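Subject: Structure handover and notes

Hi,

Here is the structure I promised to pass on. Please have a look at it first, and then read my notes below.

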Amino acid sequence: ASNMNDQIINVTNALSQIFRYSIRGGDMVSFSEELDIVRSYVMIQSCRFEDRFSVEYQIQENTLNCQIPKMIIQPLVENGRLIISTSLDTKKNLLTISVMDTGVGMSAKKLQQLKTILKESMQNKSNNAQTNIQAFDAKAHDSIGIFNVNSRIVLYYGEQYALKLDSWEGFGTNMQICIPAQWNWFLTINE
C-alpha cells in the first residue's frame with residue numbers, strides 16, 4: 001500500500017507542476033524547463049500505461065538553455081516508445097527538437113492526409129479555427145497535439161518553420177520542430 005501511496009503523491013506532484021507551468025505568465029521558456037514538464041508528463045503516463053510507455057532522451061547539452069514556446073513538446077508526447085532528441089546547428093543558428101515514436105507509424109496515405117490538413121489549417125487562418133479542428137479531428141482524432149503545436153510554431157516563427165512529419169508504416173513516426181535558436185541573456189545564473 002505504501003508503494004501505491006508514493007505513486008499517488010508522485011502523480012499529484014507532477015500534475016500540479018504541469019498545471020502551475022501551464023498557467024505561468026510568459027510564452028517563452030528554456031528548453032530545460034520544458035523538458036522537466038515532459039518528464040513529469042511521462043511519469044504520469046508511465047503510471048497509467050505501465051509497460052506501454054517509455055522515453056529515451058538524447059539531449060545535447062548546448063540546447064538546454066535555448067528559448068522555446070512553452071508547451072510545445074509535451075503535446076507531441078503521446079503514449080508509445082519515444083526518443084526525444086535535440087541538436088543545434090550553430091552555422092545556421094537552428095535548434096532541432098525531434099520526437100520519434102518507434103511505434104506503428106502510419107501509412108503513406110494517412111501521412112499525406114495529415115500533411116495536407118496541416119497545410120490547409122495554416123492557409124485558413126482567417127476562418128474559424130474550431131471548424132478546422134473539427135474537420136481535422138474527424139479525419140485524424142489522434143493528431144490534435146500535432147495540429148496545436150504546428151499552429152503555435154507558425155504563429156511565432158512563420159510558415160517556413162512548420163512542423164516536419166515523417167512516418168514509416170510498421171516502424172514509427174518522426175515529428176521535428178526546427179526553429180531559430182534563441183537565448184535569454186537576461187536570466188540570472190541562480191534563477
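A word on burial before anything else: a residue is called buried under 20% relative accessible area, exposed over 50%, and partly exposed in between (1.4 Å probe, protein chains only). Please keep in mind that this is a predicted model, so local features need pLDDT of at least 70, side-chain atom pairs count only at pLDDT 80 or more, and totals for chains, interfaces and linings use all residues. Residues are numbered from 1 along each chain as its sequence is written, and side-chain values use heavy atoms, with hydrogens and water left out.

**Overall layout**

The protein has five helices and seven strands; helices (H or I, at least four residues) and strands (E, at least two) are DSSP runs, numbered from the N terminus. Along the sequence they come in the order α-β-α-β-β-β-β-α-α-α-β-β. Of the 191 residues, 42% count as buried. The accessible surface is about 11,200 Å², and 52% of that belongs to carbon and sulfur atoms. These areas come from the Shrake-Rupley method with a 1.4 Å probe, and for residues only the protein chains shown count as cover. Looking at contacts (heavy atoms within 4.5 Å), residues 24 or more positions apart account for 72% of those with a separation of 6 or more.

**The core**

In soluble globular proteins, nonpolar side chains tend to be buried together. A nonpolar core here is a set of buried Ala, Val, Leu, Ile, Met, Phe, Trp, Tyr and Cys residues joined through side-chain atoms within 4.5 Å. The largest one in this model has 42 residues, and Ile68, Ile73, Val77 and Ile177 have the most contacts inside it. Elements that each supply at least two of its residues include helix H1 (2-23), helix H2 (31-49), strand S5 (94-101) and strand S7 (172-180). H2 gives the most, with eight residues.

What does valine 77 touch, if residues up to four places away in sequence are not counted? The list is Val38, Tyr41, Val42, Phe53, Leu82 and Ile84.

**Tyrosine 21 and methionine 71**

Tyrosine 21 sits in helix H1 and is buried, because its relative accessible area is 5%. Leaving aside neighbours within four places in sequence, tyrosine 21 is in contact with Val29, Glu33, Glu34, Ile37, Lys70 and Met71. Tyrosine 21 and methionine 71 are 50 residues apart along the chain, and their C-alpha atoms are separated by 8.8 Å.

Methionine 71 lies in the loop between strand S3 (67-69) and S4. Its relative accessible area of 18% makes methionine 71 buried.

**Threonine 96**

Buried or exposed: which is threonine 96? It is buried, because its relative accessible area is 15%. Threonine 96 belongs to strand S5. Not counting residues up to four places away in sequence, threonine 96 touches Ser85, Thr86, Ser87, Gln176, Ile177 and Cys178.

**Charges, cysteines and surface**

How many salt bridges are there, taking a side-chain nitrogen of Lys or Arg within 4 Å of a carboxyl oxygen of Asp or Glu as the rule? The count comes to one. The side chains of arginine 24 and glutamate 33 meet in a salt bridge, at 3.1 Å from N to O. Arginine 24 is partly exposed, with a relative accessible area of 38%, and glutamate 33 is partly exposed at 28%.

With a disulfide defined as a pair of cysteine sulfur atoms within 2.5 Å, a search of the whole structure finds zero. Cysteine 66 is buried at 0% relative accessibility, and cysteine 178 is buried at 12%.

Finally, Met28, Leu155 and Tyr156 make a nonpolar surface patch of about 290 Å². Patches are made of residues with over 30% relative accessible area and no salt bridge, with like charges joined within 9 Å and nonpolar side chains (Val, Leu, Ile, Met, Phe, Trp, Tyr) within 5 Å. Methionine 28 is in strand S1 (residues 28-30) and is partly exposed, with a relative accessible area of 31%.

Best wishes
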